[in-house]
Amino acid sequence: MNFKLFGSALILSGTALGAGMLAIPMVLAQFGLFYSTLLMLAICAGTTYSALLLTEACSKTELAFGINTVANRTLGKGGQVVTNILFYLLLFCMLIAYILGAADLIKRIFSMFTIEMSIETAQIGFTLVASVFVVCGTQIIDKLNRVLFLFMVSMLAITLVILVPGISVDNLTQVTNTDKGMLLNTSTILFTSFASMPVIPSLVAYNKEATSKQLRNMVILGSIIPLICYLVWLYAVVGNLNADDITHFSNISDLIQTFSAKNEYIEIILSVFTSLALLTSFLGVAMALYNQNKDMISHNKVVTYVCTFILPLLGASLAADQFLSVLGYAGVILVFLAIFIPLAMVVALRKKDKNTAELSIHTYEAEGGEIALGLTLIFGLLLLMSQI
């Protein structure tokens, strides 16, 4: 087994997991599990292929450490400017959401030990500690993420052992909202929950010696793991709680508080599990932004650090209790950045490839041809239409 590629797949998974562990039950429970599952499968398929397109664009762009360079070499100066604006908006929104969620959890965990902490202190403390690992580089994040992911999956397994006996068939079959338009309106939040594209440029550069097949398998595995976790988590939560109650949760603490009444140990287990999910997401997204800043702004670590962590921290202080709203904004931005931009990059590169020699074994090309590209375009348009 190639542990470097496996670790990279876990970084992809860890980046996607996090906010979605709370957001998915909150937004989908009311629509019933059948349609929720179908929508999640469709979103996962679309995001996976879009990630493969970006992998192709990055693998065909030599010495590209961030999406800034990839955009410049594929879409020109104008495309580079648009891509960078969207990329920064997306990463800022995602980091703000993760800081909000993590700070809420940290405050709750400390309160279990009768230690009172302000939400601002929790936000600053989480950001400063997590940022240390990001500054150390992709290799450190890879190794740390493997350990964190193992603990996170263990906590999820223990949580399921506790929750599965309490699953009610009536809860699993409940549907309190039959409005399919509102269901589709949740698409961008789901899309954000599967968002691992920010880390792809860094991971392709990190695995520059990998073959095209290995790069493809890395992305697919990194997409399947979050799908399985989300589905299992959704069924466990909906099976134990009333759909109307779930939709009124405003933060992670509300969900944990409700479950803590069912089992005295689940409060600690769920707190650790959701903390790890948010931490792995934060590390992946922060790594992408840090490398982007290093690629585009400055190789000075102090300047890069301030641009990467201080600005999202300020944003989090201004966006209190706006967890789902921030995820929704990120989803709309992500549609352009994760679908239309990679699509344009690949189209430009494939036109150029027709006039060049055969591609290297280390250069990946997404399968499906023009039909798959057309379906990806339709997928992106449908996501945008769902928000109208």
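These are legends for several close-up views of a predicted model.

**View 1. Helices H4 and H5, and how they cross.**
Start with two helices, H4 (67-112) and H5 (119-135). How far apart are the axes of H4 and H5, and at what angle do the helices pack? The axes are 8 Å apart, and the packing angle is about 115°. That makes H4 roughly perpendicular to H5, since angles from 65 to 115 degrees go by that name. As for handedness, H4 passes H5 in a right-handed crossing.

Is threonine 114 buried or exposed? Its relative accessible area is 70%, and anything over 50% counts as exposed, so threonine 114 is exposed. The backbone here is worth a look too. Phi of threonine 114 is near 55°, which is a positive value in a residue that isn't glycine.

**View 2. The second largest pocket, with H5 in its lining.**
H5 gives the most, with five residues. What kinds of residues line the second largest pocket? Eleven are nonpolar, two are polar and none are charged.

**View 3. H5 again, this time with helix H15.**
H5 has another packing partner to look at, helix H15 (residues 301-318). The axes of H5 and H15 are 11 Å apart, and the two helices pack at an angle of about 150°. Angles over 145 degrees count as roughly antiparallel, so that is the label for H5 and H15. Their crossing is right-handed.

**View 4. The largest cavity, a space inside the model.**
How many cavities of 30 Å³ or more does a search of the whole structure find? The search turns up one. The largest cavity holds about 60 Å³ of space. Its lining is made up of Thr47, Ala51, Phe191, Phe194, Ala195, Ser196, Met197, Leu334 and Ala338. Helix H3 (33-59) and helix H16 (323-353) each supply at least two of the lining residues. Sorted by class, the lining of this cavity has seven nonpolar residues, two polar ones and no charged ones.

**View 5. Threonine 47, from the cavity lining.**
Zoom in on one of the residues lining the largest cavity, Thr47. Threonine 47 belongs to helix H3. With a relative accessibility of 11%, it falls under the 20% cut-off, so threonine 47 counts as buried. Where is serine 223 relative to threonine 47? In sequence they are 176 residues apart, yet in space their C-alpha atoms are 8.2 Å apart.

**View 6. Glutamate 209, in the loop between H10 and H11.**
Our last stop is a loop between helix H10 (200-206) and helix H11 (212-240), where you'll find glutamate 209. Its relative accessibility is 41%, which lies between the 20% and 50% cut-offs, so glutamate 209 counts as partly exposed. Threonine 363 is 154 residues away from glutamate 209 along the chain, but their C-alpha atoms are separated by 9.7 Å.

Terms used. Residues are numbered from 1 along each chain as its sequence is written. This is a predicted model: local features need pLDDT of at least 70, side-chain atom pairs count only at pLDDT 80 or more; totals for chains, interfaces and linings use all residues. Side-chain values use heavy atoms; hydrogens and water are left out. Helices (H or I, at least four residues) and strands (E, at least two) are DSSP runs, numbered from the N terminus. Buried means under 20% relative accessible area, exposed over 50%, partly exposed in between (1.4 Å probe, protein chains only). Ala, Val, Leu, Ile, Met, Phe, Trp, Tyr, Cys and Pro count as nonpolar, Asp, Glu, Lys and Arg as charged, and the others, Gly among them, as polar. Axes are lines fitted to C-alpha atoms, for helices over the stretch in contact, and angles run from 0 to 180 degrees between N-to-C directions. Angles under 35 degrees count as roughly parallel, over 145 as roughly antiparallel, 65 to 115 as roughly perpendicular and the rest as oblique. A crossing is left-handed if the near helix is turned anticlockwise from the far one by less than a right angle, and right-handed if clockwise. On a 1 Å grid over the protein atoms alone, a cavity is a set of points where a 1.4 Å probe fits but cannot get out, and a pocket is an open set with protein on both sides within 12 Å along at least five of seven lines; lining residues have an atom within 4 Å of a point. Grid points are joined across faces, edges and corners, and a volume is the space filled by probe spheres set on the points.
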